[in-house]
Structures are given as structure tokens and as C-alpha cells.
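Colleague: Could you take me through one part of this model in some detail? I would like a close look at the place where the two chains meet.

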Amino acid sequence: MCDFLFSSFTQTVEHGFPNQPSALAYDPKLQLMAIGTKSGAIKIYGAPGVEMTGLHKDTAAVTQIHFLYGQGRILSLLDDNTIHLWEIVQRENRSHLVEVHSFNLPGRPGIESTSATRVTVMLLKLSCDLLALGTEGGGVHFLELVLFFFKTLGHLQYIPEEYKCGKSLGPVESLQQHPQDSDKILIGYSRGLVVLWDLNSRHVDNLFLGKQQLESLVWERSGNSFVSSHSDGGYMVWAVSSSNPCTHDPISSTIPYGPFPCKAVNKILWRTTESGSPLVLFSGGMPRASYGDRHCLTILQDSSHVTLDFTSRVIDFFTIHCTDKDKEFDDPSALVVLLEEELVVIDLQMAGWPTVPAPYLAPLHSSAITCSCHISNVPPKLWERVISAGQQQCPLQNYENWPLCGGKNLAADPKPKELLLTGHEDGTVRFWDASGVSLKPLYKLSTANIFQTDGDHNDSLTQAGEEEWPPFRKVGCFDPYSDDPRLAIQKISVCKYSGKLVVAGTAGQVIVLVLSDEKSDHMIDVATVDLLQDREGFTWKGHDRLPPKSGSVVFAPGFQPVVLVQCMPPAAVTAVTLHAEWNLIAFGTSHGFGLFDYHRRSPVLARCTLHPNDSLAMEGPLSRVKSLKKSLRQSFRRIRKSRVSGKKRVQEANAQLAEHDAEVTPVQRRIEPRSADDSLSGVVRCLCFADTFLRDGTHHGPTMWAGTNSGSVYAYALDVPSQEKFSEQSVEALLGKEIQLMHRAPVVSIAVLDGRGNPLPEPYEVSRDLAKAPDMQGSHSVLIVSEEQFKVFMLPKVSAKTKFKLTAHEGCRVRKVALSNFTSVSSEEYSENALVCLTNLGDIHVFSVPALRPQVRYDCIRKEDISGIASCVFTKTGQGFYLISPSEYERFSLSARVITEPLCRVDVERPHDLSLQQIRYLIFNILYQGDFTVGGATQAIS
Amino acid sequence: MNKNHRVPSNRTLNAVEVKSKFGAEFRRFSLERSKPGRFDEFYGLLQHVHRIPNVDLLVGYADVHGDLLPINNDDNYHKAISMAAPLLRLFLQRKEEADYSAFGTDTVTRKKTPAALAAVKKPPIIISLPKDFRPVSSIIDVDILPETHRRVRLYKHGQEKPLGFYIRDGSSVRVTPQGLEKVPGIFISRMVPGGLAESTGLLAVNDEVLEVNGIEVSGKSLDQVTDMMIANSHNLIITVKPANQRNNVVRNSGGGATSGSSGRSSDSSTSFYGYSTPGLMAMTPSHIIQNYEPDEESEEEEDLVIEADRGAKLILQAGARATASTSMPALPRYEPHLDLRTSNGTMASSASAGSLNAHKGLEGRSLEEDGTVITL
């Protein structure tokens, strides 16, 4: 094995919703949207499949981003007061986003204080040659983009004294270019003053002496009026007339959610329509006392009034409307709202303003992800059925009317379909199309409806309790609250050929589901399996099992539950596996494992793995989710955490401090071998079914293997009746072997290899002619992976054949492991199996199978990123996913052949190159001294 | 190396099969596992079955690890019976033929390390037959390591005693071409009283850990080194730079015959010749089988495979294979823990001459660590 199988490790694409978005921009010419994040990333999205990502060198939050319309260039402002220029460049016939220049904003000459020159707003002239920067100190700077000329418009000190009252005007809150006359810009100050400034004559055309604290400004398309929004929850419409240079009062002033005190209207948009009355869109402005905690955006037009009620904070929003200068009206077609946790798009042309499902930026974490499972090479039949089930849930699932359509997706339609299944805290399993660059939601399965939970009663309450005013409409799917933490999904196992699915959760529930195209109303068979097996002296102190609903339940087409097995004690399920051909499921908890025949609905086996001294297992290992109250508190904490922005930096600083402290008071580690009575030693870590030789070398048959935390492996020989006799004859399980690994490290994975050293095919693969039959002639072997070592034992004697002691050599421990097939780049015919292993240090090792020779090693995840390491899943073709934030999967590839990465092209026209050599920078300091005189300094840097 | 030593497992669990060897004679009988009785009864039984009523015997048995352990009281007798799986192999020796005076003198005349002093308080007293003990630690590779370093091997052997030490991060000073440089290092931070590490006296607080089982720790984090040590805990070899450099082995003080010691680095069969007296050699050569092979494999912990009928089998690896192939008991070899091998060609070819030579060598050196080798 060598280079032609393994690529250099590449992180190819990020799936999901960017963590902590902080800025939004839209280019109407290219029809591209850009999102900036607090970690300094910039992501560009266009048509489905068109994605580009850039990361600033410094991880400062992106506070604003602006497109240079049509040029494929982006200016970003970071909160360290630097401006960065990004360009979409074509490389290898596809587009990339690269940073071409960064610009450190200087303080004003002679003044070192940074706060005064801290940029609050930016305005890019439509002609893209001039950038206006409003600062904290009230100054407005201009940056000429062709040559990066930099001019400063200093403090405005000409304001009528009775208006100023000796106080400063506050920071510049808004800069808006006149829609008709590109030389005029509107400058809005925090205190309420609005100035219309003429760039050419360097004169103030109009003064608008607003008295309310200003939040935002927007022009009306004609340029005859503009709208300002204010901190008191109101907005005002001002008329612009050349005859009156100093306007005191607006045409109209409205506080839509008054008369009681309201929160600020953070941003307002005013869009004219052909049909008559303008469309007003604004965020915030809710009555402080009753709805001050809601995240709302209001759409107003005539009598139509909708208050979109989101579950997370509104970061920014824009409308997609006609920007053609010849047209008379804006006629907005869609509203795009960037929320802290998701992206919501509203169709403004259809009646009722419905939401448009997004083909990307899926909020993976709408409920926290608790586990994931990847299925490669999905059979077309299953694929179609899942899609049709999904379409019945959400009929609007075509992305043809997606309003953002910039760029071209060059990637061919991915042939082998891939599914990613995510299990969530609220008991749902979501099916995602993971075949391509954008992770699209396909289908959502809920397991909560088969249980009686507290959440049941709430539904009726919320519907009835909703008030008429304001006309709230719940939008978006981000919902971090779980009705019951016991519903959380822990493990998923799928048979892709038979459409059977096993889902196991926190309260020991194991649910067998069958894919059905018809609606069904049936009762679920419930069975309880006692995993303690009369072991005495134990009392379970953890949560109760989930009470199943009595009577029949209606299930929509899709995966419908047929059998519910509940483990007793109801500890979280730690391993589950399914063999659809044998109609068997195996499941394990911290107490033992069980085998269940779901065809006959009868338990086959239950085995307790508890060590007599292990008391912790009885307490309930997941006692942290014991109470609903506690989990709610955690949810709140999580939300609060995501709200606080500056906190992250404090934490980082603390972490650095801690590092220094570490030298002063070193931590010490105890060196002691694992002992048999370590706590939680009975936890079942892995289960597997295999048709192999367990009892003797001549007869193979069904077997089941289980591995525990204490390094024990149990192998059972199964007596499975033939297909015809399933109903009459019961399955028998006989203990064949027990292996105790002397190093006692937890067994992470077990796999049986055939005579050629290949992993056994999945159930049905051979009988349906989908895979080569395994070699049953040569002797089989079993690969047992513990946290410390890999070992291959020959079967049926279980004699050690090869091993690799990873921890002894490298000092790292196995976290995730998978057998992957690597196909050669040069020939599709040639492929090899390899053991892919992610360690606790976040690096990936690849070993040959069954020789267990190390092949390559890559750094993958930071070792501090424990949740990232824990979330990693490998595909069967040498790719993998891990969570880089609660809402984003990073996709990576180890294979030289199978790489899923964005392949898109955005064609741009650039009137001139912004070359770095030419950059000259000039400060043109204009100081108005009451009588509008111009003074200042000029400075050039080359 | 993967051959397994398998014992037929179709016996009832209740009976313990005993195979007793005295000289060249074998006796087989069985005992009831649940009712083993007392040691003196058992001793009488042995004398009876071997028909040596008046011979004073040293009774030893091969335990699951293939080591020869003594049976001389009720406790270790019961342990032997309960551990038999299911065969109990006994090895009897005449007490008077076990010549341990030579060991005694060799051991007690050299005592300079604190550990040695602790272990052998009163030199004239013969502390015991060394074969009654299993080695718990040794200093190895003295001939290839710098004198400032010490490579210590701790034998955990599944015994109850904890390894009993802690490690921490720290910084040490290295000499580089650029001058002195401060580099991060791993140090022993604490010893648990009564633990294996403390009782050997070979490791001490603030000793810098340089290698774990041959792998350098530089560049590795504390957690990595912890995991490495735990992964190797059954046979842990730690190379340290002792904080106290006064007790180092002085290598070149020996006589001419030993000064040019070859580069043999680890325990091997030659070391056996170096230590056993000619008398012992002649008397029990066949009993002495390499227990600890130099290569890593033999120290490998053996995974236990239990067949469905509950007969426990061991997957014994290289070391056990040796036992099986010779069908000879494994006597605990007196480990030459200082590795004072003068294993030049002549020595290897002539056992007795070599051992004499070695004794000369031993006497010629200023040895300090001897006491530790038999520390329990």
C-alpha cells in the first residue's frame, strides 16, 4: 500500500451551519451570499453546490462584510479594526476564495486612542471605488479602493449649539449611499443626527436633527425620503428636499409595538413594490415587558403584518430585490435572515410569505447531535423511499426556487449515494444527503411519539395560549430544548438492503423500525430484557425507563417502529447492531448485553457483564441527565454561552494563563495498570454479528461478539433457523469463547476477517449478489481493537496471529476505528482494506489488514477538541466527518480517489486589479470648524 | 511465537490434576479443589507418593506465568491449588542439595545502595533461598547506557502490589552545541509507600524519565507517557536519569577480564551462566529454563481464552512455548539484574569457566544494586 491509495489528508468541506455567525452580505450582481463568523471565517454561498471558504489569519470576529458588487471581491472588517480584501480567484478551473490584502486602520494622527477610530460601519459605494468608514469617535473615513487612498473626514463640529448641548454626536451608526446620486451619502449618528453629505463638493446638503437614538437608516428607492429606526422601538420617515437644509421633524413616526416601552429596532429595510404600499421589514422593536426576550423580525405591508418569531438571535438580514436602475420599484422577491443558529429564507412574492427550505447551511444542531452513523453506497431503492418519505413530511423540498443562484456547480452529480444519520437529544434521527458538498436534509424520524412524555401536554397549551397580537409566526427549526433527556439517541444501526433500522436511546430503549411507504396505525410490541440476570445486591439509582404509549399509534410513511425492547436497568444503550437476514438485534448497556429476535418478538439471550465491585455502574452512569430540571438548566447555560461574545476571548486568555500556571504547580499522573474492578468495566463497547468458524474449523455459522470496557470479549455461536422456519423455530445462543485481554483496555471494535483477510460482507450483500462471497475456505480471523492494541486472532482456536501495540509505542489511545476500503487512483479494480484509527491525540493512523502494519499517519483534530474526536465517523471509502462546532461537520478524506469537495466556478468581471504594490495610503483629514472649513493633513505611504 | 499451550479442558472443575517431579521421577495424582487440606498433610502425601519419607524437600510449582514458586505453607499451597488450571505441576528438590550459601555470600558482601541496605539488614543472616522469590525489578543494560542513566525494569506479574509511583511535567537542562538549553521533561513526582517502585529502591522522586520500554519520551506529553507506561505496566522498563547521581554504577572499575564487556544489552541465557554456581549448574541444569526472554514477546501478557466448557486455557506465547516443548518445569532463574555479563566467546562456550570468570568480575566491581534484585 502506498501513495496511490492514500492522499495526503485533506479537510475537504464543512457541512452544516457555521458556528457563531456574525456578519452577512449579499451581492445582487453575482447572486452570492457571504457569511462571516466570530472565529474569523468567511463563507460564500451561491447556487446549491457553490461554496467557498476563507479563514482570516487572526481569529478575530468578522463584524462586517461587503461585496464589491460584481467583482467577486469582498471586504471584511474584523473586530481588531483591520480590513481585509478577499478575491474569488480561478485555480485549476475552479473558484477559490483567497485573501489578497489586509489593511490596518490607523489612528488619527496624533491621537493614539483606538476607540475613537474604531470602525462602526462601512459603506462601499456602488461604483466600488470608494469605501466610507464610520467610526466610534464620529469620524467618517474614506478609502479609495483603486489606489487605497485613505481620507479622513473628521469630527463634525458645526452642529447648531442648541442641538449639540455640548455633547458629542456619538459613533456613526449608519452610512447609506443615495440611491440615485452616487456622490451623496447619508451619515447617521448614534445620537440621532443624520447628515446628507456630498462627496464632490464636500458639503453638507441636508441636516436632519433627529432626537431619538439612531439604530439604522435606509433610503427609499427614489431618494426622496429615507427611514430611520430607533432604540425606542420606532421608525421615522424623513423627506429629503433641497430647499430645506435643516430638517427638524420627520414626515411620520411610528412605534409599531407601542405604546408600552419597546426594544430597539436594530435594522430596518424599506422596499417599494409595484403593487403599491411599501414593504417594511425590521428586526426587534418588541414590547420590552411582554416579549422583550423574543428574537423577532416584522414584515409589514398594508394590513399584512407578520412577526416572525425565531428561536435564536437575528444577526442580519437582506432582501433579494430588483437593483436594476431603470426599474421603478424594488419588488423584493425573498428575505434572507441570518440567525445565530440557522438561516431562514422567506418568499416575499407568494401570499402568506412562506419559508423556503435551504439546500445548504442545514442547522444540524436543531436539537443537539448525540450520535451519527454513515451509510455509503446507498441502494437506489432505499434512497428513493427515504426521499419520498421526506417529501411527504415537507412537500416543499425542491430547491428550484432557491433565490440565491450565483456561480456554477461543476461537480458531477455524485453517483454513489451516501446517507448521514444523526441522532439527536430530542429523540429524532435525521437523514441527510451526504453524497455531495452540501448536506441536504432528506427525512426526519421522531421516536418520541411512541412514549408518554411530559412534552405531550405542552403541544395543546402552546397552540391555545398564543395571543393575537403581535401576530407571531414560529419560524425555523432550531430548538435546543428536549422534552425529556431520556429520549436522546445513543446508537444507530441500519440495514440498507432491507430498510430496517435500529435506534437505541438513553433510557435503555432499543427500537426496531421498518421502512414503509404507507401510513400505518398499529400497536408496537414491547419487550423488556433484564440485563442484570438476577445479579443480587444492585439497585439502579438512575432514571426510569420511558413509559411506552398504550394502544395503537399512527405513523406516517417512512420508518415505522415495530418492536420496542427496553433494557432493565434502563441505562443508556452503549452498543447496538442489527442483522436483518437473521432477524436479530444485539444491544449492550453498562450492565450487560442482550440478543433479541424481532421476528418472533422474543429475547434470545441476556448476559450481565457487571463486575461485582463496580458500584458506579449501578448509580447510573448518565446520572447527570437524571433530572429534567438539570438538563433544562444546562440548555439555558448553553444558550447563554452562545449569546456572550466577548466571553470566548476571556476564556482563551484564561487558558493561556492556565498554561503558565501549569509550570508552577505541575499536574501529576498515577502510573498503575488497569485492574479488574475499575469502575464501569462492564460497559459493553461493541457488538458484531458474523458468519464464521467459532466452534471448529470445518463448520461455520452465525456468531455474535461482544466486547467490554474491561477488555473482555464474549463470542456466542448462534443457531439461526432457515428463512422458512423463522416463525416456528427459535434462535439459540451458546457461549463459544470468552477472551480476556490481559492488558484490560476497553474493547473498541471487533471485526471478523475471511480467509483472504477481508472483512465479511454485510447481511444480504452476498445473497443479493452485491458483494463477492467471503472466502470460507481459508481460516477466518477476528480483529479485536482495544483502546491500546490491535490484535488479530485465528479462528476457531483464538490464537494470536498479529498485533500492534499502539499505546506502548506512541502513547496515544484508540478512540474511533473503522475498516475502510481504499481504491487506487490509477485503477478502479485495485483496492485494499485498511484499518483507520483516530486516537485521543486527534491524529489518524492507517494500518494494513490483517498484517497490522502502520501505513500513514495524519494530524486531524486538535487533541483538546474532545467533542470533535468523540463525534468522528468514518465512511467505508476512506472519508470521515467530525463536528468542528455543535452545528458543523468537517468532512475529510484519506483516500486518494474518493474526495468530496466543492467544485464550483464563479465568473467575475473586474474593471481593475487591486494590486498590492500600488497601494498608497493617504489621510486626508477634513476638520469642520463650525463654518465647514476644510483642514487637515495628508500623508502618503508607499 | 503463536503456538499455544493448551491443556485438555474436559476435566471436571472439581479435581486438580497433580504431576509431581522429583529427580527424574514423575508421580501423578489428583486432589479435590474444594478441599485441599493443609500443607503438612500435602507434604506428607508427596513424601509418600515419591516414597521418600525421610527426605527434606523443597516443594515448588509452576504458576500460570510459568514461574516456579515455592510451596512451604498453607497459604501458598492453597493458592497453588486454586490457580491450577487444571494441572498442577510440582517440582521437588532435596533441601540439602539446594546450595544457597554461595548466593548468600555473594549477595551480602556487597551492599552500598540504600536499597541493598534496606533489603539486607544483617549480612551474616541467610535471608532465604533466592528461588523462593520472584524478581520484582532489575537494572538492565548497564553496559550500554551512559553511567548517569539507569534502566529499571519492574515486574508487575499480576501481583497485588501497586506499581506505586506518579509522574509529572518539568524541565531539565540539556547540553547542546549552542550551550545549555532548558527542555521540558517528565519526572517521577511521588512514590507510594509500600508500592513496587518504592520497594525496589531503584527509582526516586525527581528522577527524570527518559525512555519507556525503549521509546524516548521527549516530545511526548505527560498524558502520552502515562498511557505508554500503563500500556507497558506488565513489564515496565523505564530509563531514568536519577536525581541522585551518587549511586551510579561505575563501569570500568572491574578487573581486566571483565572490563571489555561486550555490548550485550538485555537479559539472556548467557546471563544465567554468569550467575549460577557450578554446583548448582551441575545439579539442576535441566530445571533451569529461561523465564524471561530478552525479546519483548515473552514478556507479553497472555490473553486468557475460556472455552465454553469453562476450562481456562492460556494463550502462552514464546516463553511458554519453551516450557511446553521441553515439558520441563520452569525454575525461577536467578536474574542477573545488573547484567554484569562478561559474555565473551569463551564464557558462552564454557559454562563453568564463564561463571567463575563472572564471579571474579563481580567481586572486582563495586556493585551496589545487588540487594535490590531479591527485594520483594
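Modeller: Happy to! A salt bridge here is a side-chain nitrogen of Lys or Arg within 4 Å of a carboxyl oxygen of Asp or Glu. By that rule, four salt bridges are found across the interface of chain A and chain B. Please keep in mind that this is a predicted model. One salt bridge joins the side chains of R813(A) and D227(B), at 2.4 Å from N to O. Polar contacts come to 14 residue pairs between chain A and chain B, counting pairs with both residues at pLDDT 80 or more.

Which elements of chain A supply residues to this side? β48 (668-671), β52 (732-740), β55 (789-794), β56 (799-805) and α9 (806-810) of chain A each bring at least two residues to the side that touches chain B. The biggest giver is β52(A), with six residues.

Now for the extent of the interface. In contact are 38 residues of chain A and 44 residues of chain B. The two chains bury about 3500 Å² between them, and 49% of that area lies on carbon and sulfur atoms. On the side of chain A, the residues that lose the most area to chain B are R669(A), I671(A) and M742(A), which together make up 19% of what that side buries.

An unreviewed UniProt entry lists "domain: PB1" for residues 15-95 of chain B. This span is 26% helix and 42% strand, with its end C-alpha atoms 29 Å apart. In chain B, five strands make an open sheet of mixed pairing, in the order β2-β1-β5-β3-β4. β2 (25-32) and β4 (68-71) of chain B are the edge strands, each with a single partner, so one side of each has no neighbour in the sheet. On average, neighbouring strands of this sheet are turned by 30° against each other, direction ignored.

Inside the sheet, β1 (residues 15-22) and β5 (residues 87-94) of chain B run parallel and are joined by six bridges. In one of the pairings, E17(B) has L87(B) in β5(B) as its bridge partner. Helix α1 (residues 39-49) of chain B packs on the sheet, touching β1, β2, β3 (57-62), β4 and β5 of chain B, and its direction makes about 145° with that of β2(B). Helix α2 (residues 74-83) of chain B also packs on the sheet and touches β1, β2, β3, β4 and β5 of chain B, with its direction at about 130° to that of β4(B).

Methods: Residues numbered from 1 in each chain as written. Chains lettered and ligands numbered in written order. Predicted model: local features only at pLDDT ≥ 70, side-chain atom pairs only at ≥ 80, totals over all residues. Heavy atoms only, no water. UniProt positions renumbered as here; feature names shortened; annotations may be inferred. Helix = DSSP H or I, 4+ residues; strand = E, 2+ residues; numbered from the N terminus. Pairing = 2+ DSSP bridges. Axes fitted to C-alpha atoms, helices over the stretch in contact; angles between N-to-C directions. Contact = heavy atoms within 4.5 Å. Buried area = accessible area lost by both parts, 1.4 Å probe. Polar contact = N/O pair within 3.5 Å; in protein donor to acceptor, adjacent residues only side chain to side chain.
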